[in-house]
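Dear colleague,

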Amino acid sequence: MKPLKIAMMSMTHGHTRKYYQVLKENPKLDWVAVSTANDDVKKIFLNSVDGIPCYDSELEMLDAHPEIEAVVLASENSDHLRQMKLCAERGIHILSMKIPTFDMDEYDEMIKLVDENNLVCQIELEMHYNPVIARLKELVKNGEIGKIKSFNATNITLSPVWAFPWQGVPEKSYGKRVSIKDGDSRFRGGALCDHPHIFDMIRHMTGSDFESIYAEVAPNIRPDIEEEDMLSVIGRMKDGTIFSLDPSWSKMEERLPVPGPGWEVFPKRMEVNITLNGEKGTVMADCFGPNVYHNGCPNDRYTVQYTYFDEWVGLIDEFVDNIRNNKTPLINLKWHKKTIEAMNAVYESITTGKTVKL
């Protein structure tokens with residue numbers, strides 16, 4: 001198979017550096033170039049990767065490399081539509097970061113761009129390629145626990161705001177400045193916007209869509225950010241499955257400009273735990289359990305080295321296969337739109353204090 005000529009844009013998203021090893025070492029890829037959004041991320045990139053041309057603008061990169069076939073949009077949520085238009089004009093396939101947009105009109109415009117230009121647009125939700133998730137899917141598919149009756153999941157992390165400042169700006173994260181609720185000084189765009197994975201996963205596991213959602217927001221444990229950092233969501237799926245979801249920034253962190261050892265105050269900077277209760281049994285999973293823990297640098301504290309790189313390999317392998325064989329991605333725009341509609345319903349429930357029907 002001919003290697004896919006791929007590039008990256010912006011380099012401001014928290015997942016940017018997760019791609020470096022895959023893009024450099026995967027024989028299915030030819031990493032052509034990157035464009036960086038500002039001098040800070042350019043410096044970080046140049047200190048991390050050798051031999052990949054780096055440009056100060058997307059247009060400069062695209063003009064210099066007409067051979068580019070696909071692009072990873074490693075950018076803030078508010079930039080995705082603009083960048084998708086640049087790609088569509090040139091027939092370039094798209095791997096978008098996990099929130100394409102919260103604006104449903106923009107979402108429809110993205111779908112139209114992709115359809116009219118016959119592009120592959122895959123949403124980067126690497127959780128689907130996690131080996132623990134793969135095992136959960138297998139157990140559910142084989143009927144080991146029977147029909148799912150309830151789904152409980154946490155997607156709790158530290159906050160990326162200090163290393164990736166746009167995630168603390170409502171206009172860039174949520175897309176506009178919307179009050180979280182009357183009498184509250186915070187705005188939409190925080191932890192919920194960072195954690196679509198479990199909303200996506202319940203749809204994938206059950207094969208059903210959201211019927212009703214109720215959510216509440218907690219007082220922030222980071223009083224100096226203007227978005228929510230902790231919230232809780234409950235509800236019911238159309239097939240009757242009830243759920244409880246915690247998509248919070250409830251792990252504390254050192255405020256480092258570049259993530260690294262010592263960023264986490266607790267041993268684990270991220271926990272995704274899922275419990276599926278079925279008619280025949282229960283299965284519980286720690287999706288990021290297989291890690292290496294150690295005492296020591298830089299803060300003489302118990303720290304963690306993650307060992308789940310297979311996710312990014314599987315995600316990229318599917319992306320290449322979709323492009324080369326003209327397949328529709330598992331996580332495509334039309335399918336994923338219902339996940340974003342549900343996340344908007346979470347914000348609506350917080351604002352109104354009522355259950356939202358979908």
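**A polar contact, and how to read the model**

The side chain of Asp-79 makes a polar contact with the side chain of Arg-82, at 3.2 Å; a polar contact is a pair of N or O atoms within 3.5 Å, where within protein one must be able to donate a hydrogen and the other to accept it, and residues adjacent in sequence count only if both atoms are side-chain atoms. Asp-79 is found in the loop between strand S4 (70-73) and helix H4 (80-90), where helices (H or I, at least four residues) and strands (E, at least two) are DSSP runs, numbered from the N terminus. Asp-79 counts as buried because its relative accessibility is 19%, and the terms here are buried for under 20% relative accessible area, exposed for over 50% and partly exposed in between, with a 1.4 Å probe and protein chains only.

Please keep in mind that this is a predicted model, in which local features need pLDDT of at least 70 and side-chain atom pairs count only at pLDDT 80 or more, while totals for chains, interfaces and linings use all residues. Residues are numbered from 1 along each chain as its sequence is written, and side-chain values use heavy atoms, with hydrogens and water left out.

**Two backbone angles**

Most residues other than glycine have a negative phi. Ser-10, although not a glycine, has a positive phi of about 80°; its place is in strand S1 (residues 4-10), and it is buried, with a relative accessible area of 2%. Asn-326, also not a glycine, has a positive phi of about 55° and lies in the loop between helix H10 (310-324) and helix H11 (333-352), but this residue counts as exposed, at 60% relative accessibility.

**Cysteines**

How many disulfides does the structure hold? There are zero, with a disulfide taken as a pair of cysteine sulfur atoms within 2.5 Å. For Cys-87, the nearest cysteine sulfur is that of Cys-121, 9.0 Å away. Cys-87 is buried, with a relative accessible area of 0%, and Cys-287 is buried as well, at 2%.

**Aromatic pairs**

A search of the whole structure finds eight aromatic pairs, where rings of Phe, Tyr and Trp (its six-membered ring) pair if their centres lie within 6.5 Å, and planes under 30 degrees apart count as stacked, over 60 as edge-to-face and the rest as tilted. The rings of Tyr-19 and Trp-312 have their centres 5.3 Å apart and their planes at 70°, so this pair is edge-to-face. The pair links distant parts of the chain, with Tyr-19 in the loop between S1 and helix H1 (20-25) and Trp-312 in helix H10, 293 residues apart; both Tyr-19 and Trp-312 are buried.

Phe-210 and Phe-243 form another edge-to-face pair, 5.4 Å centre to centre and with 85° between the planes. Because Phe-210 lies in strand S8 (residues 210-217) and Phe-243 in strand S10 (residues 242-246), the pair ties together parts that are 33 residues apart in sequence. Phe-210 is buried, with a relative accessible area of 4%, and the value for Phe-243, which is buried too, is 4%. Elsewhere, ring pairs link Tyr-20, Trp-31 and Phe-45 into a cluster.
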